[in-house]
Amino acid sequence: MIARMQTNSPHHAKVQARRWPKPELPETAEDDGASTLSELSEVAKACRRCPLWRNATQTVFGEGPDRAKVVFVGEQPGDQEDLAGKPFVGPAGKVFDAILDDAGVDRLKVYVTNAVKHFKFEPRGKRRIHSKPNAGEVQACRWWLDKELALIKPSLAVALGATAAQALLGKVVPIMKMRGAVVERDDGLPVFVTIHPSFILRIREPADKQAERERFLQDMKAVKKLMAA
C-alpha cells in the first residue's frame, strides 16, 4: 500500500490513506477480446453503453504509453476534444500541460483519459455548453476505464475532479476534503485525489486564479514524487 504523501501545502486535507472497494463492472458488460490499448480504442469507437454517443461527434479514448506508470483521469471530453478525438487538448488541457511541465512531469510518458468517453453538452445557440455526466453515465463508462487500467497496469492513478474520483473509487468523493490524499482501491491501485484543471479556468479573480494554479502545481509535484517512489 502507498501511504498518503505529506506535503507542506496547507490545502492538503490530513486524511490517512484508506481502502475503498474496486468499482464493480456492469452485469451487461461483455468481453471485447481486446488485448492492447489500440485494439480497445477501436472497439470503443462503436460504444453504445449509454445514450451520450448519439449527440457526440466521436468517442474520445485515452492517449499515452501502453505501460505508463501513472494514469490521469479527467471527467469527460469537452467541445475541442470531441472534435479532435483526443483528450485534454482544449483550454483545460493547455492549463494541464503547462502545469505538468512546470512540475517536471513529461506528458508523453503518462496516460491521459476520461471517466466518460463522449462529450455531454447542452446546445446554446451555436455553442455547445458542457453538462456534467450523471451517475448512470459514469457507471456505464467505468467499464472502459477499468479495461484501460487492466491493460496499462499503472502504479498510480490521478483523479482529476469529482467525476474521475467517483469512477475510480466507486463512490462520491469530497474533493476539497480529500485533496492531496492517496486512496488505495481493493485491487491495490493507489489513487491520488485532486481538482480538475478546468476549476482554475473558472476562477475570475487573477490573484485567486494564480493561487489555485500554485496549489495544483504542488499537487502535480507530489504526483511526480509518487511516480519516482
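Modeller: Gladly! Let's begin with the cut-off for burial: a residue is called buried when its relative accessible area is under 20%. Keep in mind that this is a predicted model.

Colleague: And what is the general idea behind charge pairing?

Modeller: Side chains of opposite charge can pair when their charged atoms come close. In this model, a search of the whole structure gives 15 salt bridges.

Colleague: Which residue does Asp 82 meet in a salt bridge?

Modeller: Its partner is Arg 128, with 2.8 Å from N to O. Asp 82 sits in helix H2 and Arg 128 in strand E5, so the bridge ties together parts that lie 46 residues apart in sequence. Asp 82 has 0% relative accessibility and therefore counts as buried.

Colleague: Where in the chain are Glu 148 and Lys 117?

Modeller: Glu 148 belongs to helix H4, while Lys 117 is in the loop between strands E3 and E4, 31 residues away. Their side chains form a salt bridge of 2.7 Å, N to O. Glu 148 is buried at 1% relative accessibility, and Lys 117 is buried at 2%.

Colleague: Is Glu 137 buried or exposed?

Modeller: Glu 137 is buried, at 9% relative accessibility. Its salt bridge to Lys 120 has its closest N and O atoms 3.1 Å apart. Glu 137 is in helix H4 and Lys 120 in the loop between E3 and E4, so this pair ties together parts 17 residues apart in sequence. Lys 120, at 16%, also counts as buried.

Colleague: Which residues are linked in a network of salt bridges?

Modeller: Arg 179, Glu 212, Arg 215 and Asp 219 are joined that way.

How values were computed: Residues numbered from 1 in each chain as written. Predicted model: local features only at pLDDT ≥ 70, side-chain atom pairs only at ≥ 80, totals over all residues. Heavy atoms only, no water. Salt bridge = Lys/Arg side-chain N within 4 Å of Asp/Glu carboxyl O. Helix = DSSP H or I, 4+ residues; strand = E, 2+ residues; numbered from the N terminus. Buried < 20%, exposed > 50% of the residue type's maximum accessible area, 1.4 Å probe, protein only.
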